[in-house]
Amino acid sequence: MFQRRTVVAAKRSVAQWRSLATASPVSSARSHKIVVVGGGAAGLSISHQLLNSGKFAQDDIAVIDPAVWHNYQPGWTLVGGGLKDKTELRKPLNTLIDPKFKFYNEGVGAFAPAENALALENGDKINYEHLVVVPGISINYGNIKGLPEALADRNSTVSTIYSYDTCDKAFRTIENFREGNAIFTQPAGVVKCAGAPQKIMWLALDHWKRAGLYNPTNPADSPVKISFATGLPVMFGVPKYNAVLEQMRKDRGVEGLFQHDLLAIDGKSAIFASPEGEVVRPFDLLHVSPKMGAYGFVKNSALANEAGFVDVDDNTTQHKKFPNVWSAGDASSLPTSKTAAAVTSEAPVLVRNLLQSMEGKELDASYDGYTSCPLLTEYGKVLLAEFKYGGVPKETFGDLFGIDQAVPRRSFWYLKKDFFPWVYFNYMIKEIQNTRVKHLEISECVQFNVKFSWEDSAFAHASPITFYWRHVTIAGAFAAVVVDFIVYPFDTLKTRVQSPGYEKVFKDARTGAVRRNVLFRGLYQGIWSVVFSTIPASGAFFTTYEAVKSIMYNSSTESSTNTSSGNRTFHDGSLNSLRLPFTHSLPTPIMHGIASSTGEMVSCLMLTPAEVLKQNAQMIQGVQTNQSAMRQVLLRFRRHPWRLWSGYTALVGRNLPTTALQFPLFEYVRSHLIDRRRQWKAARSNTGRLPSEQSDQLVERAGLTGIAATFSGTVAATVTTPIDVIKTRVMLSASDDGAGYQDRSSRAVTRDSRAVSSEVRTKIKTEKSLHSVGRGIICHEGIRDLFKGGLIRAGWTAIALGLYLSLYEGGRFYLENRRKDRDHISGNLGNQVDEGDEVF
């Protein structure tokens, strides 16, 4: 990232951005609290996390980098595989530099740590209190004789993915290659992302295999021969992943040239250093991973260790000799793989410890060496290597879900190809466009290995905009989980009452009395599927709901920023400028209905599988087996997992009318209650303030929300009970056995469960559409059965929605005010909020 770009045309092409983050002319000495050397992934992450701590004013932090462009370098492998356009993976550097920084678009000449100063390449001096050295590492093409010339020759078959200028040449050579020896190299020593040299090889192999040019089972007779020449004695430095990759190499017929370090290129010959001396190998295609090392201004300074890297403590990232010097990323001596994922764990530790040091406190954050390497093993699959110091695996999905990440998976492919690049530019770094900020501090692999409280972490120092959406997500998830545990038994009872086998299974055949010991058994069966889906679903619902509601207000002909009762003022900070391409004059209830319906459709995508699993698990009775109810249900869907979404239409069909009815009603009732409350307070206070100027506190806000939600939930649940009955029947019919509450494979059911007639099972199995299921209930059971469980549903919906929205609103209110108190500012969620304005 720190490489100087000397192409004048390139600099001119981004001159228009200079008004956003202007490079400062330097004259005489300048002083800053913190100087960050480097504008790459580490430099941008660290500098913006420091700024978001709220402890620095204009120009307290300086960023130094001579580059014109900032590149998403992990994406160059995708370019080399023909999957991305390289122009999509770069942005002008000064559009990523916050205007509050002093940006020096110059190179560093030398460090003078004993004087707390450094010199720029133009000779000017910069003083600092703390120095963060994160310039990355240098790509030394010239260290391999003949490589620069071969790369510059467009007609040569020599390429590398380690440069913006040549990464697309890699795919051209692979695509045009028809026969001969293809060699892929990896140097001994330090390299950016140690898995990248073989990632491009596996993609090339798969490309040639699909083109009929390579047969992994018979490579000797294939037109293309593939060799992997590495300066290392193994395929990968972590034993767990090395075993998998070595076996893959053998299975795919790739020749392994271990401890072969490329020295020179001579025409169509590659010259390697090996334990036996120099080895010459002919090639027809050569992909080179060049040698890399520290920049000269780092290597030749007092900051460097013997290898030329900034000599810092492995855990604290603080320099071992100069306590006000810090480093992370590729330029540091941290003994871990040099990747962008490593930066996401190193940066919060460095920021925390630097802030602690500035305040004279003990360093309490510790980096454990976490890094990640998503290894593309073919088109469509990725082996997601995650590990820490000592080559010990530290797998995100392995720890959470028991998934073996050493097995290449398609889901990881989409993370690498689509999700990680999006996260990088939208969350890991920050872009300034038209003075509007988009920034979140999250890691590429969601790893923050920091040993201190969340409130004090760098993650908590995200921008106000980011914090607003975090309020919504955290508050919504917390409310949903609490409510799920409280009202789940009522939902189980409702499901059983609405089931087609209720009369047979849950009532005594002779007396007709309810068999309470059966009906009330296992009321929490299937709850975990709901809990695990509720967190993302609730976050998705409220994020979508708040966004659409705000956009609808912004697009209305009536001003949305200062409305009367019934219309809230939105101060989310990120949506104030977003509008529809047209204006409208829709009534407020209609806008609320559209917003809630949109959020519901998004959340139902996540909720449907959980609902299907839950309702089938709730119906399992009397099973004589050691398997849990949820495991039995999962086994039913293993042959046809897509049936987990069979109830999406039914769920949306039930939830949309419910949501579209209850949220406008909820907003209206809450608005009315708030206005009445304000008038009552104003009358009692005798302060002369207008009712709208009275600020509702936490308990009042949550309490009024709960009352409004209880009322609206009761009305909506009662009206939509028939739709809920149909939805329940559809979801119970989704399992493999067709009944939803039997497990024929185990035959471990009670006599009463077996008593459900084959006629009922056949009816459930065949009546899949909502219309046919509803018609079947009316014809076979009567209209009255469409309202089965209505009283239970209305009761638990009133309780659930009241608790849910009051906890959500109270939690969000608490988080907003905690943020304000900590930053000592008012109205930190966007535009300044006048005293008394409601922020909902």
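The model is predicted: local features need pLDDT of at least 70, side-chain atom pairs count only at pLDDT 80 or more, and totals for chains, interfaces and linings use all residues. Residues are numbered from 1 along each chain as its sequence is written, and side-chain values use heavy atoms, with hydrogens and water left out.

**Overall composition**

- The chain holds 24 helices and 24 strands; these are DSSP runs numbered from the N terminus, with helices (H or I) of at least four residues and strands (E) of at least two.
- Of the 840 residues in the chain, 58% are buried, where buried means under 20% relative accessible area, exposed over 50% and partly exposed in between, with a 1.4 Å probe and protein chains only.
- Among contacts in the chain with a separation of 6 or more, 72% come from residues 24 or more positions apart; contact means heavy atoms within 4.5 Å.

- Strand β11 (residues 180-186) is joined to β12 by 7 bridges, and the two run parallel.
- Within that pairing, Thr185 has Ala229 in β12 as its bridge partner.
- Strand β12 (residues 224-230) is largely enclosed by the rest of the structure, because 6 of its 7 residues are buried.
- β11 also pairs with strand β17 (residues 285-287), in the parallel sense and over 3 bridges; here Ile183 stands opposite Leu286 in β17.

**Gln186 and His260**

- Gln186 lies in strand β11 and is buried, with a relative accessible area of 2%.
- Leaving aside neighbours within four places in sequence, Gln186 is in contact with Val191, Ala194, Pro197, Phe228, Ala229, Thr230, Gly231, Leu232, His260 and Ser289.
- The C-alpha atoms of Gln186 and His287 are separated by 9.2 Å, although the two residues are 101 residues apart along the chain.
- His260 is found in the loop between β13 and β14 (261-266), and it counts as buried at 11% relative accessibility.
- Not counting residues up to four places away in sequence, His260 touches Gln186, Ala229, Thr230, Gly231, Phe272, Ala273, Ser274 and Val279.

**The antiparallel sheet of three strands**

- A further open sheet has 3 strands in the order β20-β21-β22, with antiparallel pairing.
- β20 (371-378) and β22 (392-393) stand at the edges with a single partner strand each, so one side of each is left without a neighbour in the sheet.
- Strand β21 (residues 381-388) is joined to β22 by 2 bridges and the two run antiparallel; Lys388 stands opposite Val392 in β22.
- Helix α11 (residues 410-428) packs on this sheet and touches β20 and β21, its direction making about 80 degrees with that of β21. Axes are lines fitted to C-alpha atoms, for helices over the stretch in contact, and angles run from 0 to 180 degrees between N-to-C directions.

**Helix packing: α5 with α6**

- Helix α5 (residues 167-176) and helix α6 (residues 196-210) pack at an angle of about 30 degrees, and their axes are 10 Å apart.
- That angle makes α5 roughly parallel to α6; angles under 35 degrees count as roughly parallel, over 145 as roughly antiparallel, 65 to 115 as roughly perpendicular and the rest as oblique.
- α5 passes α6 in a right-handed crossing; a crossing is right-handed if the near helix is turned clockwise from the far one by less than a right angle, and left-handed if anticlockwise.
- Phe171, Ile174 and Glu175 in α5 meet Ile200, Ala204, His207 and Trp208 in α6.
- By class, this contact of α5 with α6 has 5 nonpolar, 1 polar and 1 charged residues; Ala, Val, Leu, Ile, Met, Phe, Trp, Tyr, Cys and Pro count as nonpolar, Asp, Glu, Lys and Arg as charged, and the others, Gly among them, as polar.

**Helix packing: α2 with α9**

- The axes of helix α2 (residues 41-51) and helix α9 (residues 340-358) come within 9 Å and cross at roughly 40 degrees, which makes α2 oblique to α9.
- The crossing of α2 and α9 is right-handed.
- Ala41, Ala42, Ser45, Ile46, Gln49 and Leu50 of α2 make the contact with Val343, Ala347, Pro348, Leu350, Val351, Leu354 and Leu355 of α9.
- By class, the contact of α2 with α9 has 11 nonpolar, 2 polar and no charged residues.

Technical notes: Two strands pair if DSSP finds at least two bridges between them.
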